[in-house]
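Subject: Structure for you to look at

Hello,

The structure we talked about is below, with the sequence. My notes on what was found follow it.

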Amino acid sequence: MRLTRRNLLLSATGGAFMASIGPGLRVSMAADRKSDEILVVLFARGGADGLQLLAPADVSSYQQARPTIAVQPSGPNAGLEIANGIDGVNFFLNPGATELNDLYASGDLALIHAAGIPTENRSHFKSMNMIERGLADNEANLTSGWLTRHIKTLTADRSFMSTVSTASNNPISLLGYPQAVSIPDVQNFNVAGGDRNANIIAALNSGSSTYQKAAQQTIEVINTVQDKLADLELGSETREDSSETEGPAYTKGPLSGALRNLATLIKMDVGLDVATVDHGGWDHHNNLVNEFGGQISELSQSLGAFWEDVSEYRGRISLVFMTEFGRRLSENASNGTDHGSGSVMMVLSGNANGGQMYGDWPGVGSSDLDNGDLAVTTDYRQVIAEILAKRHNSPSLETVFPTVPYSPLGIINGDDSALTNAVVASNPSAGCTKHVCL
Amino acid sequence: MLPAIPSFERLALNRATFGARSVDESYVQKIGWTAWVEDQLSPPAGDDPTLSRYIASSTMNIKYSAKDNKLGGWGAVNEDRHLTALNTSALGLWEIYRQRNKTLPTKEVRRITEEVVAATWIRATHSAYQVREVMANFWHNHFNVAAKDSLAVRTGTAAYDRDAIRPHVFGNFREMLEANATSVSMLFYLDNAISKPATPNENYARELLELHTLGQEAYLGQVTPSTVTKNSNGVATGFTDDDVITTSRALSGWTVGSGTRMRKLGTLPTTGEFHYEPFLHNTDAALFMGKDLSGLRDDMAQGRAILDIIATHEATATFLCTKICVRLFGDTPPTNVLNAAISAWMSHQSQPDQLRQVMKTILLSPEIGAAASKVRQPFEKTVAFMRSVGATAVPHRSMFSLLRKTPDQIFTWPAPNGHPDIDGYWLSSAALITEWKALLTVLGLPMTGVSITDESLATTSVNKLVEDWVGRIIGFELPGTKMDDLIDFAMGLNGVLTYVGQKSSSARTVENHLRRLVGVIAAADEFAHR
């Protein structure tokens, strides 16, 4: 069943509820909110082409630079024009992004263009590595992931299931936080052969090496997951049927798999508050129209289905979509695009000021480009920092992003009064020793 | 009684092979480590005779139904076929690709990669020349090619393994680099095969410099090349984005004889292998890391000049030797071994056995037998387990799915950098769960042939049985209460009690429970490190 605007509006809960509380009550819920809020970081790996995802389709420099692959402003298979663009430019979502268009119109999705990492380099690995450690060019090296640093500023006790990666391994944003658990498939999350095997494996790994600690944690997590999954399945069997007879319209693709998995973990109510999700395959050096079409369709349908699946949790979820860089304005001779710079970030949340775009549009005229690329005018950290401050009561952003002043764009609602030292001190390394933060 | 700590030989063998077996340990103790290393570093061109015969006689099923189409179609197939792709010529492989969806299903293209993966499992488990297998595995990861990328990439994988990687493992890096740059799989994987003169494709050019040779540390971004410091040969100490563009120009025209018609440019011949095509070559390449290439006009001269520069650059020596040492010693390899390796790399740069010299330096360092310092990754751990229990690797589809949740087998890592070779990466819950599942299920899958019942020590004592298996799999006594815990566990298994004569269960139960016992032993911390 396709996600429709009507379904979204009918099942909206969290956002509406929060908005009806007066400011006083909101502040007193702050302490609870720290463990209730769920941050999801969805990373599009490969360099997602922001100019294909959200195109200035009726700008002539855009059309001239992409004669074969440009999103069209009209005609069959035209892009989906959105309201509330920036700087007087008309923006069109890729025609495959129907569900994103609905989410945008519903107010849960905010779009930020020309966002990214202030850097000169165009290397996947270097860019991902920098972004995930929260760095830009010429900044002191940090050997931990930004999520790790954020988690360490939170003082609430963290359960074993607080931080989850839905990929097979933990991303670099969680580097330095071995307690993060990767659960790519919650249904099959157990030790082969059952409890007796689990017990002996635990006994054979009862010591203190990193491997043994990882083993102990794994078995403990397995036990927790199995218990909770059983509770959840029991609950869904006894719940009355809703008017919908089918579940959310996930695809059979990898992102749907990951988000469906994540939705189950959220609904298990195990204290999950940070989740990372990967969506690979965005590196379109060739054949972009066909390949990107598949990617955007998977992204859009999967997010639409996920948002429906977690309808009761929308007021607690902030999902931020990002990528390591965008792609060059001009198409190459293989009908693809090479590595670029600025791209699109998205924020999906029951608390988002969605249905509008954010950022400063630098333009795609030849004198506007950064070495042939859409320039970066919004530092990705500025977007993330606002979410951390307003939804996750981050008390000290300067340990997460030491060089970035707090400057919210208004993308999301929330109370950032817990933030101390909001303005960065003159020493950009405040909170860090030498070149290592936390 | 088991030794309290592992022997030098076991520790060294665990580093240099896909897992020390007791028989290897005794052998090395007899002939000496140095003699063993010398022999390992001079393997025959092909597999050792026993392995060769085994691979030649191995079969793996392929099955598909008939199809009618307007281009010829194909009949139904259900055969236990030999691993014929391994020895098929490049042109023969390309023909399979050309016939896809015409007279052959795409399954036949996938089969090519499947045979290479099966051969990899077999060789890692059984080859007498283990060091070569360990290093072939290393170089495949370093020059990673993702088979999922396309059918064209898959088609080339048999030749990639056979001709671009394996023959060069103890050879010369510059030669290996050109073999890699001219391989069908790499040419398609990183798009150089379709690079055109008007807008050369930068994908391969970038990864050649950043991932294959000079490394990320040497990447300087968009700085102006003239401002970069030069070494004593007048070569820049690092590379810039301009150098990537120059490289993409120099390498345009390095393509595959695919028979493709390139509109307005010409038609490529059909050779199924590397082909240099002048009409695809962009002639604007000029400065590369301070060196002017614009005067080089012979076919492939500019590209080869770049390979010359990067293959002999000190950044490459450091980057590659560090990777090799990390592979063997873990996240923080001993500095003296690393420095000695770099020295050997640089001083043998023009020798045909440069990499043999590097490996010899590393393997004959005293640190090779130091205490275990690296976490075993899923593929090598499963193979080590199979080796230690005497299991035979049998080509079968279950080989491809066993470790699917961890991208740790050949051709499955989805990016050109190859999977990260750092411990922390492999300590996630999912990696551990997948590994344990592999250890506990692999012996029951068609991809292995073994009877643990037959392999077990003939004894009426559970204690002796457990001790014997710990000795074979781990090589020394487990500390603290672990041995007792294992014995308790074993005594709770009816099949084990039957084996030692205390109960009466079926032969199947005996075998299953013995498999379970050896599987959990391999899940211990002591087997997790080498």
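I began with the place where the chains meet. In this predicted model, 42 residues of chain A are in contact with 45 residues of chain B. On the chain A side, four elements each supply at least two residues: α8 (124–133), β7 (181–182), α10 (195–203) and α11 (210–238). Of these, α11(A) gives the most, with eight residues. Sorted by class, the side of chain A that touches chain B has 21 polar, 17 nonpolar and four charged residues.

Next, a sheet in chain A. Three strands form an open sheet in the order β2-β4-β3, and their pairing is antiparallel. β2 (54–55) and β3 (80–81) of chain A stand at the edges, each with a single partner strand, so one side of each has no neighbour in the sheet. Strand β4 (residues 92–93) of chain A pairs with β3(A) over two bridges, in the antiparallel sense. If you want a residue pair to find on screen, take A:L80, whose bridge partner in β4(A) is A:L93.

Last, chain A as a whole. The chain has 15 helices and twelve strands. It is 438 residues long, and 53% of them count as buried. Of the contacts in chain A between residues at least 6 apart in sequence, 75% join residues at least 24 apart.

Regards

Note on methods: Residues numbered from 1 in each chain as written. Chains lettered and ligands numbered in written order. Predicted model: local features only at pLDDT ≥ 70, side-chain atom pairs only at ≥ 80, totals over all residues. Contact = placed C-beta atoms within 7 Å. Nonpolar A, V, L, I, M, F, W, Y, C, P; charged D, E, K, R; others polar. Pairing = 2+ DSSP bridges. Buried ≥ 20, exposed ≤ 12 C-beta atoms within 10 Å, placed from the backbone.
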